[in-house]
Amino acid sequence: MEIQSNFSLKKHNTFGIEAKAKQFVAVHSTAELKTILEENKNQKKFILGGGSNMLLTKDIDALVIHIDLKGKKIIKEDEDFVWVESQAGETWHDFVLYTIENNFGGLENMSLIPGNVGTTPVQNIGAYGTEIKDTFVSCEAMNIESQEMRTFTNAECNFGYRESIFKNEIKDQYIITSVIYKLTKRNHKINTSYGDILAELSKNNITAPTLKDVSNAVITIRQSKLPDPKELGNSGSFFKNPILLKSDFEKIHQKFPEMKYYEVSETEVKVPAGWLIEQAGFKGKRFGDAGVHKNQALVLVNYGNATGQEILAVSKEVQDTVFKTFGIHIEAEVNVI
């Protein structure tokens, strides 16, 4: 393991922001991770996964530890289910494709989400009616201070909408090293409840979709709406969809009857942040090299040489205008650093 100084992180964040790490090291096993943590006990540390859910607004004055643990394996199976373990450094989309190739069901609706496996429980990532918590069994994580390993079960992760214990109670205390998912081998629960997926399947005359059909539909939809980070710097959805109490929403809905919404419980509704941003006039708007994507208003983009501060300024203007227009606060889903 070589620790490098003044290391460029441009290729290690999907926004393509130029920022420097005071020091940088990639680890490829839990043994290497343990060694690095032990040898740099008193140094400030920054843990880096796939770099897909962050906006760098400054240089990182710390030792950046890139989690590059690879490998996946079946650890248990019966007639109906398979338990698959993936190391944290595996690319999420590659892992999803691996499960589909093996006819393991449960992750197909989350195809093409950027990032690595290790960060999926942190955000409780989700798409098109499914979330990580639906298939997550447990994860292994190393305590940064003590280097002790701990297993976190599904219940212990306190999953919520884009939330988990790793973002709240034990933030910055643990590094996830591997994750186990329980997937179906037969009697798959094909989820086509979202209109976009149904429309895509219908377009291809598919009436009895397979896991691969659903995955392909999701990939097509995402590619039509979301820019490829290799071509246009972005971090996927920058904002969360706000969840409001029905009583609050009804007052707003009277003023804006055309506002889209989805019921999430008897007392709460979810409003699409993309709709709010588009109605506020930001879709496709550009501010120098920072802007809002032309096909999906939820996505902020770097057209080439935007700084993290410039993208952050755009996000704040979007939030302020949406609040002034609708009285709804939209939160950033991306971690601002």
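Start by selecting Asn6, which lies in strand E1 (residues 4–8); strands (E, at least two residues) and helices (H or I, at least four) are DSSP runs numbered from the N terminus. Asn6 is not a glycine, yet its phi is positive, about 50°. Its relative accessible area is 56%, which makes Asn6 exposed; here exposed means over 50%, buried under 20% and partly exposed in between, with a 1.4 Å probe and protein chains only.

Before moving on, keep in mind that this is a predicted model, in which local features need pLDDT of at least 70 and side-chain atom pairs count only at pLDDT 80 or more, while totals for chains, interfaces and linings use all residues. Residues are numbered from 1 along each chain as its sequence is written, and side-chain values use heavy atoms, with hydrogens and water left out.

**Colour by domain**

Now colour three ranges: domain 1 (4–67), domain 2 (72–225) and domain 3 (233–336). These bounds come from an automatic or database domain assignment. Taken over C-alpha atoms, the centres of domain 1 and domain 2 are 25 Å apart. Show the contacts between these two, and you will find 13 residues of domain 1 touching 14 residues of domain 2, where contact means heavy atoms within 4.5 Å.

**Select Leu9 and the core around it**

Which residues have the most contacts inside the largest nonpolar core? They are Leu9, Phe239, Met259, Leu276, Ile277, Ile311 and Val318, in a core of 46 residues. A nonpolar core is a set of buried Ala, Val, Leu, Ile, Met, Phe, Trp, Tyr and Cys residues joined through side-chain atoms within 4.5 Å. Elements that each supply at least two residues include strand E2 (20–27), strand E5 (60–67), helix H7 (273–279) and helix H8 (308–326). H8 gives the most, with 6 residues. Domain 1 and domain 3 each contribute at least three residues to this core.

Zoom in on Leu9 next. Setting aside neighbours within four places in sequence, its contacts include Phe24, Leu48, Leu56, Ile60 and Val64. A second, separate core of 36 residues is worth a selection too; among its members are Val82, Val96, Ile132 and Val214.

Leu112 sits in the loop between helix H2 (92–101) and helix H3 (120–123). Leu112 is another non-glycine residue with a positive phi, about 65°. Is Leu112 exposed or partly exposed? With 27% relative accessibility, Leu112 counts as partly exposed.

Move along to helix H4 (residues 195–203), where Ile197, Glu200 and Leu201 are buried. Look down the axis of H4: its buried residues fall within an arc of 100°, so they line one face of the helix. That arc is the one spanned by directions from the helix axis to the C-beta atoms. Part of what covers these buried residues is helix H5 (211–225). After H4 comes Asn205, with a positive phi near 55°.

Two strands count as paired if DSSP finds at least two bridges between them. E19 (residues 299–302) is joined to strand E13 (residues 233–237) by 3 antiparallel bridges, and Ser237 has Val299 as its bridge partner. On the E18 side there are also 3 bridges, again antiparallel, with Ala290 opposite Asn302. A hairpin of 6 linking residues connects E18 to E19. Both faces of E19 are covered: Val299 and Val301 are buried on one side, Leu300 and Asn302 on the other.

For the last stop, display the open antiparallel sheet of 3 strands ordered E14-E16-E15. Its edge strands are E14 (243–245) and E15 (262–263), each pairing on one side only. Finally, pick Leu245, which stands opposite Glu268 in E16.
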